[in-house]
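Here is a short note for a colleague who is opening this structure for the first time. Please read the points with the model in view.

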Amino acid sequence: SLKRARNPMSSSRRRAAGKKAKRKGNNFERRVAKMLEEWWGSEFHRTPMSGGSQLAAGFDFAGDVVTNDPTFPFHVEAKNQEGWHVAQVFVSDGCKPFKFWDQACSEAPDSRIPLVIMTRNHHPIWGIVSYDTFEVLKGTNVSHHVNHMDVVRSDGEHLVIFLITELFITAPDIWKGSVSRESENSGSSSD
């Protein structure tokens, strides 16, 4: 029987495109780690194999960017992908930003707050957190300075989307020990 020959060019092009996309994602994760280091004042690293390892000395390797600083409350998913625009969050529950958010929520330990940091070529870097997380800023001197968009998904989930530089104008002390997913889920602060 005759077997159909594979086109080696298309296979090699797919491999090259996949390697380029992986390199792009890895570079963005390193960039996010550097931004978080400058903001938080602790050492951050790109997770080896993007979350492929769950245990190592002093690190909780859930998420794309990690630190061994126990006061850092966020589970970070860093995404640098094409094929989306931030305005899609107002019209489609199936858009990539919501898929990124769903991944962050499903992978975040209960002790961490999901945070998506996302971009695409030639566009600003955006962040997504829950509305309850954003409420931490209420009553601080920076809350009225943070430009953001409130989005309510069809299931009623209330999210806040903002330029990530807006997060970095907040003092890390505002976040240290103030919120966890456990307290968000219970709807009350810890006693």
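1. Trp40 and Phe72 are both buried, meaning under 20% relative accessible area, with exposed over 50% and partly exposed in between (1.4 Å probe, protein chains only). This is a predicted model: local features need pLDDT of at least 70, side-chain atom pairs count only at pLDDT 80 or more, and totals for chains, interfaces and linings use all residues. Residues are numbered from 1 along each chain as its sequence is written, and side-chain values use heavy atoms, without hydrogens and water.

2. Trp40 and Phe72 also pair edge-to-face, at 5.1 Å centre to centre and 85° between the planes. Rings of Phe, Tyr and Trp (its six-membered ring) pair if their centres lie within 6.5 Å; planes under 30 degrees apart are stacked, over 60 edge-to-face, the rest tilted. Trp40 is in helix α1 and Phe72 in the loop between β4 (65-67) and β5, so the pair ties together parts 32 residues apart in sequence. Helices (H or I, at least four residues) and strands (E, at least two) are DSSP runs, numbered from the N terminus.

3. One aromatic cluster holds Trp39, Trp40, Phe44, Phe72, Phe74, Phe168 and Trp175.

4. The largest nonpolar core has 27 residues, and Val32 and Val76 have the most contacts inside it. Helix α1 gives the most to this core, seven residues. Such a core is a set of buried Ala, Val, Leu, Ile, Met, Phe, Trp, Tyr and Cys residues joined through side-chain atoms within 4.5 Å.

5. His122 has a positive phi of about 65°, though it is not a glycine. His122 sits in the loop between β6 (113-119) and β7 (126-130). It counts as exposed because its relative accessibility is 82%.
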